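Work through the exercises below with the sequence and the model open beside you, and try each task before you read its solution.

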Amino acid sequence: MSTSDTAADFGEHAARIELARCLDVCLDCRRCVDLCGVFSEAIDLVGSLGHAESGLLTPLEQDRILSLCSHCDQCRDDCPHRPGVGEAAVDLPAAVEGVAAAVHRSGRTGWRSAFVVRALASDGAMRWARRFRGPLNRLLRGREGGVSRRALSMLIGVTSDRPVPRIADQSFTDWFSLREPAIAAVAPSVLVVPTCLIDQFAPEIGQATVTTLEGCGVRCVPSGVICCGGGLLESGQVDRFLRVAETNLALLSEGDCADPIVVLQPGCAEVLRSDYPREFGQRAAAVASRVRGAFEHLDARSSMEAPGDGASLPDVVGVISSPRAAATGEEDLLIARLEGRGVRVVRIPSGPVGESSAALLSTRDTAESAPGPAEVADDVPLVGLSVLVNGALERRLGRAVEPAQNLLPALFPAVADP
Ligand code: SF4
Ligand code: SF4
């Protein structure tokens, strides 16, 4: 069943019953309990009721559980109870999306919450926000829970209770279009999808990644696509998601281009790889087969040999594990690459942090997303592949976590003559 069917067929009540039914099967099975915060939250909440029945959860409690789903699809893979395999026909991500779509249709989310996610997927809205970034950033920089943050929350729905990213002075797209091409046109090329978060809030991550790719001899070409639209799907705005995806597919298939498509955030790569084909079939599958994460593309191109110029890597690295990066396989590649270069890796769960753009609206999680001091020493470098988790950690720990800036150049040093 496609997401649009789900959205059309379920009212909120029916969608919540379906979610409770799936959760009941999951609570019996428990195979996915270590994958993400959804399962542990469900176990805690249902356990606190004294009855092992998810149907007794209130809508608010259900919303608490589903806010932890980052739509990584890991629990879909190999589920013995999934549709077509098990009698129970459990599809937990679809059940979560069904509730989000029904709540969105009911209008209960309110226009403010819908606005933020919609604006991220709209170049026009972000151009407008960038024009007014000075006053907006001053409001965003205000004390959590303070007057300016609460005023902004009332105005556009962004949470007032946790630190959120600021709008960059220059977007990644503008930087990309204004620069001189750094590499010969004959080099193998990739289409780059920066993603809305990197484009507007963290262009320095995109710039560092492009510099590393070009240093390794990969010509980077703008794809014309910025946002995958995944945030729209997660927030229940299914029709808008389908429109964004349709436009993106047209851009990425233009002129029968067969170049790899490098998506700068693993979670967004996963949207193109799994959500697009689910909604658009064969046409999207052809595009999906070209999608790579930046790390994945670099890893496939480079040998494992240590570089001759002695670029130094730390002895130990803490890798912040997140469901979305784990789902794409990029996390395992990163760890294998580090270990192949003699680095000891400590894998650290990210905690139940929201990884989607809807996390900008959530009032929880930032404080929970940082590893405790007992888990890793202060001087051990930390890296993770989720830009949202990294941002939350950097604001909390006061040190860099983003591998594009602090690890990729050492792992993939520039070749002498790209
Ligand atoms: S999604 Fe499937 S495998 Fe995972 S806990 Fe639920 S029923 Fe078990
Ligand atoms: S975060 Fe991933 S593993 Fe967890 S419920 Fe959502 S789709 Fe499944």
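**Exercise 1: the nonpolar core**

Find the largest nonpolar core, and name the residues with the most contacts inside it.

Solution. Next, take V263: leaving out residues up to four places away in sequence, V263 touches V193, T195, C268, A269, L272, V291 and G293, where touching means that the C-beta atoms, placed from the backbone, lie within 7 Å. As background, nonpolar side chains tend to be buried together in soluble globular proteins.

Before going on, note that this is a predicted model, in which local features need pLDDT of at least 70 and side-chain atom pairs count only at pLDDT 80 or more, while totals for chains, interfaces and linings use all residues. Residues are numbered from 1 along each chain as its sequence is written, and chains are lettered from A and ligands numbered from 1 in the order in which they are written.

**Exercise 2: a glycine in a loop**

Locate G146 and decide whether it is buried or exposed.

Solution. Start with its place, which is the loop between helix 8 (133-140) and helix 9 (147-156); helices here are DSSP runs of H or I with at least four residues, and strands are runs of E with at least two. G146 is exposed because 11 other C-beta atoms lie within 10 Å, and a residue counts as exposed at 12 or fewer, as buried at 20 or more, and as partly exposed in between. Finally, G146 and S160 are 14 residues apart in sequence, and 7.6 Å separate them in space, C-alpha to C-alpha.

**Exercise 3: the partners of strand 5**

Which strands pair with strand 5, and in which sense?

Solution. Strand 5 (residues 316-321) pairs with strand 6 (residues 344-349) in the parallel sense over 6 bridges, and pairing requires that DSSP finds at least two bridges. Within this pair, G318 has V346 as its bridge partner. Strand 5 also runs parallel to strand 7 (residues 382-384), to which 3 bridges join it, and here I320 stands opposite G384.

**Exercise 4: the whole protein**

How many helices and strands does the protein have, and what percentage of its residues is buried?

Solution. Counting the elements gives 22 helices and 7 strands. Of the 418 residues, 44% count as buried.

Technical notes:
A nonpolar core is a set of buried Ala, Val, Leu, Ile, Met, Phe, Trp, Tyr and Cys residues joined through C-beta atoms within 7 Å. Two residues are in contact if their C-beta atoms, placed from the backbone, lie within 7 Å.
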